[in-house]
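Here is a quick tour for anyone meeting this structure for the first time. Have a look at the model below, then read on.

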There are 2 protein chains.
Amino acid sequence: MPTPAMLTDMYEYTMVDAALRDGTAHRACVFEVFTRHLPSGRRYGVVAGLGRILEYVRDFRPSAEDLAFLRDNGIVSRETIAWLENFRFSGTIRAYREGEMFFANSPVLQVEGTFAECTLLETVILSVLNFDCAIASAASRITSAAGSRPCADMGGRRAHEEAAIAASRSAIVGGFMSTANLAAAQRYGIPCIGTAAHAFTLVHDSERDAFESQIHALGVGTTLLTDTYNVEEAIRTAVEVAGPQLGGIRIDSGDLASMAQKARHQLDALGATGTKITVTNDLDEYAIAALATAPVDSYGVGTRLVTGSGHPTTSMVYKLVEREGSDGQMHPVSKKSFGKSTDGWRKRGLRAYEYGLAQGELVLAGTAEAVAAWDDTAYGETKDLSITAIDHGDIDESLTTRDALFAARDYHVQALQELPVNALSLSDGEPAIPTEVITLN
Amino acid sequence: MPTPAMLTDMYEYTMVDAALRDGTAHRACVFEVFTRHLPSGRRYGVVAGLGRILEYVRDFRPSAEDLAFLRDNGIVSRETIAWLENFRFSGTIRAYREGEMFFANSPVLQVEGTFAECTLLETVILSVLNFDCAIASAASRITSAAGSRPCADMGGRRAHEEAAIAASRSAIVGGFMSTANLAAAQRYGIPCIGTAAHAFTLVHDSERDAFESQIHALGVGTTLLTDTYNVEEAIRTAVEVAGPQLGGIRIDSGDLASMAQKARHQLDALGATGTKITVTNDLDEYAIAALATAPVDSYGVGTRLVTGSGHPTTSMVYKLVEREGSDGQMHPVSKKSFGKSTDGWRKRGLRAYEYGLAQGELVLAGTAEAVAAWDDTAYGETKDLSITAIDHGDIDESLTTRDALFAARDYHVQALQELPVNALSLSDGEPAIPTEVITLN
């Protein structure tokens with residue numbers, strides 16, 4: 001596997017190399033991650049990935065092999081190699097919590113440090129946020145549609161094999177309860193679930209043999225896959241084999257609403273009133289919403305979860321907003337590219353509330369002193385949306401724990417309840433709350 | 001990092017556990033990977049990922065830590081742990097070459113072995129193929145649209161950080177020439193390219209300072225980013241600083257066609273007739289096609305490449321098609337799920353040609369003997385589309401080399417030329433050639 005220091009675009013290193021030669025590498029800088037717009041029609045986005053970023057920042061140091069690669073390919077100079085040998089990020093990162101909502105221009109993550117150290121982190125920070133936020137945002141819509149019925153991530157096979165693990169993690173942030181992915185269970189302590197594949201039924205001489213085998217191995221609490229041949233027959237066989245204590249059945253094809261209805265009637269008639277019904281098969285938030293009145297107990301969601309339900313990436317960018325000049329003072333900077341101009345100065349994101357309900361996102365722009373000293377009385381209750389994840393190189397390790405992941409889900413559920421009710425609408429619309437950018441200087 | 005043996009869904013292990021108890025784990029099986037349909041409107045798909053799969057199969061053995069996890073969480077029995085300790089895939093894998101076209105029902109990859117060993121590989125094989133084929137398929141359309149102009153992958157920041165590396169690799173299969181991603185360059189020997197970010201200009205006191213610094217570090221052959229403030233001024237400064245030997249400029253915003261036109265005129269007027277123009281900014285095959293007459297020398301493609309240009313995954317499935325019965329004979333098997341039924345028997349994929357032009361895809365289904373002995377005379381020239389990648393556990397390591405990756409690109413270019421010309425149309429349409437499934441038994 002590559003080290004985190006190689007999970008980056010080459011130009012980060014060549015820029016650092018040039019900047020080390022001319023001295024700007026050591027200028028104090030503030031970079032910010034934000035998106036210029038939510039995906040079309042989406043009402044909010046969900047932050048995920050901060051815990052993963054912190055691990056990468058902690059481990060971001062080129063190995064001897066990496067340094068040899070950079071040297072042998074003439075990517076950086078000998079002097080830069082020497083500088084990289086001792087690299088360790090010593091700056092500060094503030095970020096929106098995992099599980100927090102974001103909107104266009106929300107300062108989701110802010111990196112403060114020298115130009116060189118901030119630049120090296122650009123690509124990997126964007127990779128993590130752009131993927132993880134896309135999945136968490138989709139997961140949030142899916143779990144909203146599912147209401148109190150639990151959703152399980154079954155998408156690993158439809159995503160890059162490592163992305164699958166990050167997707168499982170982000171799904172939890174967005175409200176999922178479990179995953180089918182073993183690596184995600186192993187790494188993050190996510191509850192792992194599973195039933196059986198059609199191949200398991202097919203390799204046996206009969207469906208009955210397959211069900212008997214699964215129950216022998218996993219007990220009657222297991223979930224049997226009932227749509228390999230004929231669902232009605234399969235359910236009859238399942239209850240014959242397992243008894244009415246059968247844990248669950250899974251249906252993976254056909255008209256899920258009517259099949260679930262028939263299955264529930266049949267199970268109840270057979271006395272298996274406690275047997276749960278899980279449905280799977282290209283579910284997304286719309287399909288799940290359509291199943292709201294069907295007697296379904298849980299959803300397994302695959303493709304549409306791990307591809308962000310139509311938006312497989314987030315358009316997060318990493319922009320220099322403030323930097324030290326030759327006068328030693330901090331100055332706002334911004335590019336003027338048509339349609340992609342940026343605002344200078346560091347930002348501070350707050351959410352304004354009235355009676356506990358979010359009214360809007362406030363993005364303050366200004367000097368460190370101005371944004372810190374801002375008088376919020378005109379906006380009623382406000383909440384600072386960022387936390388300090390790394391303070392002058394000192395990582396808040398509590399943000400990388402398993403507990404932090406499940407706490408992010410709790411935080412998300414709470415934050416979602418604080419949004420206006422139209423945030424939960426699945427249809428295309430405006431952002432759930434307006435964002436106001438206030439320039440203080 | 002997790003070991004390859006954990007890059008899988010839990011149910012693969014619980015199925016193996018149950019099958020080891022009842023004996024079906026040792027039944028000879030044939031599993032096949034295929035898609036039921038191409039993404040809507042797409043005319044062909046491109047196979048990629050085989051080299052990565054072979055490395056995973058080679059390394060697929062649970063570590064001591066993995067075994068402890070499986071045991072401590074009660075996922076498999078003690079007997080299965082003992083069996084897993086010595087796991088090594090001893091079966092056979094045949095697959096379409098990387099760079100080959102595929103269509104609905106093409107038997108892209110075939111795994112032959114015991115039920116247990118084939119089952120354990122399901123998830124990771126699907127993860128790799130579903131992602132890598134999606135990217136290679138998009139890359140092929142993008143490079144077709146670009147014609148003789150080279151395309152560079154700049155999408156790493158818009159994909160999961162490990163998926164980014166696989167995307168760079170798959171882009172090469174689909175005709176790309178280079179990547180911005182260092183890890184991909186390091187791992188696969190892909191030529192690495194880069195210019196500079198807007199932040200590099202902004203951290204300097206002036207654009208001139210930034211250009212001078214970059215040229216000092218990287219030489220006049222470098223590519224300068226010219227749209228931080230005003231493109232016309234930037235180009236003037238760039239040629240003043242670098243001289244007419246300046247390697248290239250990059251434009252990353254605005255109306256790229258008209259900006260490239262103006263930039264070309266200006267560069268030529270300044271004597272920089274050899275300076276190349278690279279454009280970037282959310283390019284995809286459609287945007288590139290629209291730039292065909294603009295004086296652009298190369299394209300940098302990001303988001304739309306790594307998200308499969310609208311189709312971020314492929315709907316590849318892994319299905320049991322043939323297995324040994326209690327009589328010791330091989331039998332075809334298939335599920336009957338509504339809308340998702342499968343065909344039994346192993347398949348053999350061939351392409352039929354006339355005057356060197358592909359006429360159709362033939363998918364033979366039958367016993368090993370029948371498909372091997374099939375008389376193809378009625379179909380004119382035919383080509384077997386699969387190669388043997390693993391023969392009874394023996395991996396063809398030549399398929400995992402760097403040379404194999406670039407050979408796949410050559411193969412792809414050739415295979416694309418053999419398709420009817422409508423294959424190159426970017427508009428939605430029918431598959432470029434029809435597929436005929438012929439059942440021989």
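Start with helix H7 of chain A, residues 163–173: it is mostly covered, with 11 of its 11 residues buried. Buried here means under 20% relative accessible area, against over 50% for exposed and partly exposed in between, using a 1.4 Å probe and protein chains only. Keep in mind that this is a predicted model, where local features need pLDDT of at least 70, side-chain atom pairs count only at pLDDT 80 or more, and totals for chains, interfaces and linings use all residues. Residues are numbered from 1 along each chain as its sequence is written, chains are lettered from A and ligands numbered from 1 in the order in which they are written, and side-chain values use heavy atoms, leaving out hydrogens and water.

**The covered helix**
- Among the buried residues of H7(A) are A:Ile165, A:Arg169, A:Ser170 and A:Val173.
- Just past H7(A), A:Gly175 has a positive phi of about 110°.
- Helices (H or I, at least four residues) and strands (E, at least two) are DSSP runs, numbered from the N terminus.

**A four-stranded sheet**
- Chain A has an open sheet with mixed pairing, and its four strands run in the order S16-S14-S15-S19.
- Two strands count as paired if DSSP finds at least two bridges between them.
- At the edges sit S16 (381–384) and S19 (435–439) of chain A, each pairing on one side only.
- From one strand to the next, the twist averages 30°; axes are lines fitted to C-alpha atoms, and angles run from 0 to 180 degrees between N-to-C directions.
- S15 (residues 357–366) of chain A pairs with S19(A) in the parallel sense over five bridges, and A:Leu362 stands opposite A:Glu436 in S19(A).

**Enclosed spaces**
- There are eight cavities of 30 Å³ or more; a cavity is a set of points on a 1 Å grid over the protein atoms alone where a 1.4 Å probe fits but cannot get out, and lining residues have an atom within 4 Å of a point.
- The largest cavity holds about 150 Å³ of space, and of its 16 lining residues the closest to the centre are A:Phe131, A:Val306, A:Pro312, B:Phe131 and B:Val306.
- Its lining has 10 nonpolar, four polar and two charged residues.
- The second largest cavity has a volume of about 60 Å³, and its lining includes B:Arg42, B:Tyr44, B:Phe102 and B:His311.

Note on methods
1 Å grid on protein atoms, 1.4 Å probe; cavity = no way out; pocket = protein on both sides within 12 Å on 5 of 7 lines; lining within 4 Å. Points joined across faces, edges and corners; volume = space filled by probe spheres on them. Nonpolar A, V, L, I, M, F, W, Y, C, P; charged D, E, K, R; others polar.
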